[in-house]
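Please read the following report alongside the sequence and the three-dimensional view.

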Amino acid sequence: MPSAARTHAAFLSLLLAGLVVRLLLIFNLAPHGDVGAFVRWGWLAAEQGLDAVYSAPDVNYPPVFLHMIGWTMDLARAWGAPPPGPAWEPVGRTLGIVVRFPGLVADCALAAAIYLAGVRYLSRSKALICM
């Protein structure tokens with residue numbers, strides 16, 4: 001059976017490799033699909049609150065998600081990112097990158113939770129397989 005230190009190092013290596021791949025994809029893929037809607041909703045939530053977002057006809061996500069993307073757009077505004085254009089225009093690259101970061105953080109947290117549950121209820125080697 002591998003030692004705890006080796007298993008944890010393997011987990012961190014896998015997590016880091018996955019993080020690097022995701023970051024490469026985030027920075028090299030143009031925003032498309034739902035990302036444009038998320039940026040517009042987040043910007044609206046950051047500027048005017050959730051009531052304004054829910055007045056839009058295409059919003060069908062829960063308030064926690066809208067708060068989360070609103071907070072990311074608050075950060076983007078603080079960093080000087082330009083506001084998104086109308087719905088038919090493509091979203092800027094910076095805002096497309098910023099709105100994807102909460103999902104990246106959530107994926108890493110979920111991987112860590114699965115690994116820790118595997119270590120606790122299975123074995124260290126099986127916990128790596130669960131990831």
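S123 is buried, with a relative accessible area of 15%, where buried means under 20% relative accessible area, exposed means over 50%, and partly exposed lies in between (1.4 Å probe, protein chains only). This residue sits in the loop between α5 and α6, and its side chain reaches the backbone nitrogen of K126 at 3.3 Å; a polar contact is a pair of N or O atoms within 3.5 Å, and within protein one must be able to donate a hydrogen and the other to accept it, while residues adjacent in sequence count only if both atoms are side-chain atoms.

The model is a predicted one, in which local features need pLDDT of at least 70 and side-chain atom pairs count only at pLDDT 80 or more, whereas totals for chains, interfaces and linings use all residues. Residues are numbered from 1 along each chain as its sequence is written, and side-chain values use heavy atoms, with hydrogens and water left out.

Helices (H or I, at least four residues) and strands (E, at least two) are DSSP runs, numbered from the N terminus. The 29 residues of α5 should span 42 Å at 1.5 Å a residue, and the end C-alpha atoms of α5 are 42 Å apart, which agrees; the expected span is 1.5 Å times one less than the number of residues in the helix. The buried residues of α5, including L95, V98, V99 and Y115, pack against α1, α2, α4 and α6 (124–130).

For α2, 15 residues should span 21 Å at 1.5 Å a residue, and the distance of 21 Å between its end C-alpha atoms agrees. Its buried residues, among them V39, W41, G42 and W43, pack against α3, α4 and α5. After α2 comes G49, whose phi is positive, near 95°.

**The nonpolar core**

A nonpolar core is a set of buried Ala, Val, Leu, Ile, Met, Phe, Trp, Tyr and Cys residues joined through side-chain atoms within 4.5 Å. The largest one has 21 residues, of which V39, W41, L66, I69, M73, L95 and V99 touch the most other members. At least two residues come from each of α2 (34–48), α3 (50–54), α4 (63–78) and α5 (93–121), and α2 gives the most, with eight residues. Apart from its neighbours within four places in sequence, M73 is in contact (heavy atoms within 4.5 Å) with V39, G42, W43, A46, L95, V98 and V99.

**Salt bridges**

The structure holds two salt bridges, each being a side-chain nitrogen of Lys or Arg within 4 Å of a carboxyl oxygen of Asp or Glu.

| Pair | N to O distance |
|---|---|
| R22 and D107 | 2.1 Å |
| D74 and R77 | 3.8 Å |

R22 in helix α1 (residues 4–28) and D107 in helix α5 are 85 residues apart, so this pair links distant parts of the chain. R22 is partly exposed at 30% relative accessible area, and D107 is partly exposed at 37%. D74 and R77, by contrast, both lie in helix α4, three residues apart, about one turn of the helix; D74 is partly exposed at 33% relative accessibility, and R77 is partly exposed at 35%.
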